[in-house]
Amino acid sequence: MSIDCKHIRNFSIIAHIDHGKSTLADRLLEWTGTVEKRQLKEQMLDDMELERQRGITIKARAVRMEYTHKGEVYELNLIDTPGHVDFHYEVSRSLACCEGAVLLVDAFQGVEAQTVANAYSAINLNLAIVPVINKVDLVHARVDEVLAEMEQSLGLDAADVVLASAKTGIGIDELLAGIVERIPPPAGDPNAVLRAMIFDSHYDSYRGAITYVRLVDGTVRKGQKIRFLETNSTHDVLELGQFVPQRRACEELFAGQVGYLVCNIKDVKQVHIGDTVTIPGDNGATAMPGYKPPQRMVYCGLYPSEGENFEELRDALEKLAINDPSFEYAPESSEALGFGFRCGFLGLLHMEIIQQRLEKEADLDLVQTAPNVTYQIKKTTGEVIEITNPQDVPDTGQIDEFRQPIVRTNFLTPVEHIGPIMQLCTDRRGVYLKTEYLSPTRAMLTFDLPLAEVIYDLHDKLKSVTRGYGTMDYELIGYFPADLARLDILVGSKKVDALSIICDRRDADRRGRSIVKKLRGEIDRHMFEIALQAAIGTKVIARETISAMRKNVTAKCYGGDISRKKKLWAKQKEGKKRMKSIGSVDIPQKAFMAVLDTGADRS
Amino acid sequence: MPAGRLAGARPAIVNAMDSAVPRAAYVHVPFCRHRCGYCDFSLVAGRDDLIERYFQALGRELARVPEPLCLDTLFVGGGTPSHLGVAGLRRLAAVLQDKLILAAGAEATLEANPSDVTPELVEVLREGGFSRLSLGAQSLAPATLAALDRNHTPDDVRRAVEAGLQAGLTVSVDVMIAAPGQSLAAVEQDLEDVLALGGQHVSVYCLTWEKGTRFASLLRQGLLQEAEEDLEREMYELAIERLEGGGLEQYEVSNFARPGHRCRHNETYWDCRPWEGFGPGAARFDGRTRITNHRSPVTWMHRILSGADPSGECDQMTPEEAARERIVVGLRRRDGLVRGEFAAASGFSLDALAGGAILSWVEQGFASDDGQRVRLTRRGLLVSDGLWAAVLGQGA
């Protein structure tokens, strides 16, 4: 079926987590007849099991719907976006494929940090915004206040806001009409040179990489050759089509449309989100703006508990990387942990997801080191190196400048919690920028904070000081010099490389003390005394001792007792799984995370 | 009523040199006047009405043994065997004598509550061939006895020991340390008092907080406190020093004896020689497999009397597993293990099974090794539970 550009609308739904984005998407699929109600799995678009479990959208998806408005048939392409801050870049590329965005706000929760962040991303890309307040049927709905917040914080006109309930269907017709009427059709010339943007991909074990594209100019046909600018690789288009929501093949896609390409690509690493697709040869289109290589912000070491499982771990990582080009891994070795991998992630959530998949799909016992952000070091030679592992920090004498990533962080909170948030941020060496009032009761605070201080526990702390009402979002603004140092941990006078961290020199005493204290709690008493030390270079700054086990001998061992006691003794061995022996000290997996203890209860 | 007598003029029917035939037997008597708060043993308290059925069941269980067994050691434990009283003990001996015969010079022990022991009861024991009296004294301090829920007095203990010794029996006294509220000084006093009693054997037990006991639930509720690990260690070391100073040599984790008075029955367990067992919760061992009867006295009786198998848990070992177990129970003894003896008895080389572990223990000061004999040091003994995982291996 052919349709002209004027009858196409490309849009995303943007919202804070839990404001009902997936439910709204389901309702649109049902309302437009794309999916019959009885086939509608709840939250159709979140089709990965993990996403379902966690109620979050990790990967972007695209669905084509048909909608008849005033007697004319429209093609609506809904491009779903991930809802977590780890995936900022992916969100921005998905939005870049749209002419409009449905901005969804919960009628009770109101405007939150990700609402603001996502709305500004959309506004900056010149998208038409269709604002919606969801869950208006809730008894606690506070529609008037939320309207005021939207006007105040986002500069939207309250008269434009659609009042809806994705759950019951209130306002869905009005919303669909709004999408058609307020979002402009795509511009673009179907007869120009092919120019399309990749906004997502996934791996299909039969077809290879499935590449998600938005055509900006030109037309792509089955059987033609195409070229990816970033990798400069040429491929045959074996199949192309749209998601309805399953893949449905067609003969061609033209400017303005959204769809997929199957090109027999065996390695998803060739498919870069944000890359431009055009024709082979010298007459191709130029690259579209905004492309960035995946930026891994968080690294950690993953080691098999049992050294002999190294190959199995490698296979499992390889399998995961095929599906997820933003995840990266490289072999490394640690004196303490043996052979393993340094793994890079977009953020902490991304790391957790990968780790869960590994344990679930590969059934491997892993020891994970504490995550760290990436740092930059400008050496005295002028060379700038990137540090993804604290072990790679060169001697102080070779360091000219030690830089850390800084993020601009917005907090949205009821005004009564401003004080505690200020405290939280100043404790973490944040730089205060501004406070804006959304309404007499809600405010937005902006701080520049070291990313390292943000990712570990700031979100949890924020929730606790605001009784769950505060939300936050952040964006990397760059690497800035700071007075940083590597803090080493010695267990029984042996340096355990996997326990080293990078921290602000002014925090080193506190961090060191809190880490060795935490370790003392995590490591069981042994047959001998164990000294725990924190040191910068050769200077010891904190020390704790785990005294030797004093008495551990069971008494009665007569007759039938022996069978029972044997189980008891064997259990002491069972407990040693998931531990790493360093020297003769057994260190449990949990202890490797002890270094995350920031000593944050900084009283 | 004729008293049953276990030691007999009858000739040993089975060959004493056949090492697969047990020469030791344990009989469990599951009756007590009341259950002490720390006790999780197989017993019923205040159900003397079951005693007659118990004898019937015991007789039936003994019938499992095809030919009478000639025993070097017999141990009648509980529960409180002395709770059966003079008549009950005569009856017990009569039930046992069909299948259990004491060899000349055999050791036969009866466990007793000090308040049950009278000169008459001791006389019945002597008639029955018993040579040893094991007293559940626990302490000679009224406060500790009360804390432990015991219903006898320090004087009961003194009288009982005297009665036993006077009748020519070997007397063993159980002592509990780390009881709730017990101080180091109280332990010191107890040890002095126990030595003064003049018995030939002492067993020392640290109070353990077993799941399901009243003490365990009081501990959970915070109404009782466990002794600190350091205090427990001091008490235990004090016990070792005082008892050895008083002429009782430590020969196993919890056992101390004057020369020639070790409990030969318990040494059977630690030598991994076979033994027989009768009664609820009693175990038997043929060198490879250890079978434990159902722990509930009522279930045990019911099963036996209805012709069913009373066995509960069954611990079946490969020869290697049995050899590994032998290392552990062997090293818990002060004599330790001698390489040649170990190899002859188990069929395995000690070093093949545990050479690496032994080497590291010696390095860490937990064991000594003169090339032949391996023994735990005091230091090693104190933390020995943490050593065994390395020996028992994956199969354990």
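How many bridges join strand β17 of chain A to strand β19 of chain A, and do the two run parallel or antiparallel?

Modeller: Strands β17(A) and β19(A) are joined by 5 bridges and run antiparallel; strands are DSSP runs of E, at least two residues long, and helices runs of H or I, at least four, numbered from the N terminus, and two strands pair if DSSP finds at least two bridges between them. The model is predicted, so that local features need pLDDT of at least 70 and side-chain atom pairs 80 or more, while totals for chains, interfaces and linings use all residues. Residues are numbered from 1 along each chain as written, chains are lettered from A and ligands numbered from 1 in written order, and side-chain values use heavy atoms, without hydrogens or water.

Strand β17(A) covers residues 298-304, and β19(A) covers residues 338-345. Within this pairing, Val298(A) has Phe345(A) as its bridge partner. Val298(A) also stands opposite Val373(A), a residue of β21(A). Strand β21(A), residues 372-373, is joined to β17(A) by 2 bridges, and these strands run antiparallel. Strand β20(A), residues 366-368, is likewise antiparallel to β17(A), with 3 bridges between them.

The side chains of the strand may be considered next. All 7 of the 7 residues in β17(A) are buried, that is, under 20% relative accessible area (1.4 Å probe, protein chains only; over 50% is exposed, in between partly exposed). Val298(A), Cys300(A), Leu302(A) and Pro304(A) point one way from the strand, whereas Tyr299(A), Gly301(A) and Tyr303(A) point the other way. Both sets of residues are buried.

Chain A has 603 residues, of which 60% are buried, and contains 14 helices and 34 strands. Among contacts (heavy atoms within 4.5 Å) in chain A with a separation of 6 or more, 69% link residues 24 or more positions apart.

Chain A also meets a partner: 25 of its residues are in contact with 44 residues of chain B. Between these two chains there are 7 salt bridges, each a side-chain nitrogen of Lys or Arg within 4 Å of a carboxyl oxygen of Asp or Glu. One of them joins the side chains of Arg550(A) and Asp230(B), at 2.6 Å from N to O.

To return to the part requested, β17(A) is a buried strand with antiparallel bridges to β19(A), β20(A) and β21(A).
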